[in-house]
Amino acid sequence: TTSIGVERTGPSIHAILFQHAPERCVEFEAEFRIALAQADDSFDLAPAQAVIDKWWPIAYCTIHPPTNEERALVARERTVATT
């Protein structure tokens, strides 16, 4: 099998969410538009990059959900971390 990647760009994240998680896509669009409006006023792209940084792992996990083994590992680590 070939792995489908998600580039760390607005268009790539948008395309994945639009196709695989339309309800999440609406959230991404709203946050990204707000960040772009801020950039338009300040000429600082940091807010837009922050949105990309937030949504990239969400888009990636949308097309590559964790396996049962990975979920079990996370559950074990959370248990260890709280004891």
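Author: Before the neighbours come up, one term is needed: contact here means heavy atoms within 4.5 Å. Please also keep in mind that this is a predicted model.

Reader: Fine. Leaving aside neighbours within four places in sequence, what is C25 in contact with?

Author: Once the residues within four places in sequence are set aside, C25 is in contact with H14, L17 and F18. C25 itself belongs to helix α2, which covers residues 22–42.

Reader: And is C25 buried or exposed?

Author: The relative accessible area of C25 is 3%, and because buried means under 20%, C25 counts as buried.

Reader: Switching to the core: which residues have the most contacts inside the largest nonpolar one?

Author: Those are I13, L17 and F28, in a core of 15 residues. At least two residues of this core are supplied by each of α1 (10–20), α2 and α3 (46–63), and α3 gives the largest share, with 6 residues.

Reader: What does F28 touch, not counting residues up to four places away?

Author: With those residues left out, F28 touches G10, I13, H14 and L17, and also V51 and W55.

Reader: Now the helix pairs. How do the axes of α1 and α2 cross?

Author: They come within 6 Å and cross at roughly 150°; since angles over 145 degrees count as roughly antiparallel, α1 and α2 are roughly antiparallel to each other. The crossing of α1 past α2 is left-handed. On the α1 side the contact is made by G10, I13, H14, L17, F18 and H20, and on the α2 side by P22, R24, C25, F28, E29 and F32. By class, these residues divide into 7 nonpolar, 3 polar and 2 charged.

Reader: And α2 with α3, at what angle do the axes cross?

Author: Here the axes come within 8 Å and cross at roughly 165°, which makes α2 roughly antiparallel to α3. The crossing is again a left-handed one, with α2 passing α3. From α2 the contact draws on residues including R24, E27, F28 and E31, and from α3 on residues including P47, K54 and W55. The residues of this contact divide into 10 nonpolar, 1 polar and 4 charged.

Reader: That leaves α1 and α3. Which orientation do they have to each other?

Author: Their axes come within 9 Å and cross at roughly 40°, and α1 and α3 are therefore oblique to each other. As for handedness, α1 passes α3 in a left-handed crossing. The α1 residues making the contact are G10, I13, I16, L17 and H20, while α3 contributes I52, W55, W56, I58, A59, T62 and I63.

Notes: Residues numbered from 1 in each chain as written. Predicted model: local features only at pLDDT ≥ 70, side-chain atom pairs only at ≥ 80, totals over all residues. Heavy atoms only, no water. Helix = DSSP H or I, 4+ residues; strand = E, 2+ residues; numbered from the N terminus. Buried < 20%, exposed > 50% of the residue type's maximum accessible area, 1.4 Å probe, protein only. Core = buried A, V, L, I, M, F, W, Y, C linked by side-chain atoms within 4.5 Å. Axes fitted to C-alpha atoms, helices over the stretch in contact; angles between N-to-C directions. Parallel < 35°, antiparallel > 145°, perpendicular 65-115°, else oblique. Left-handed = near helix turned anticlockwise from the far one by under 90°. Nonpolar A, V, L, I, M, F, W, Y, C, P; charged D, E, K, R; others polar.
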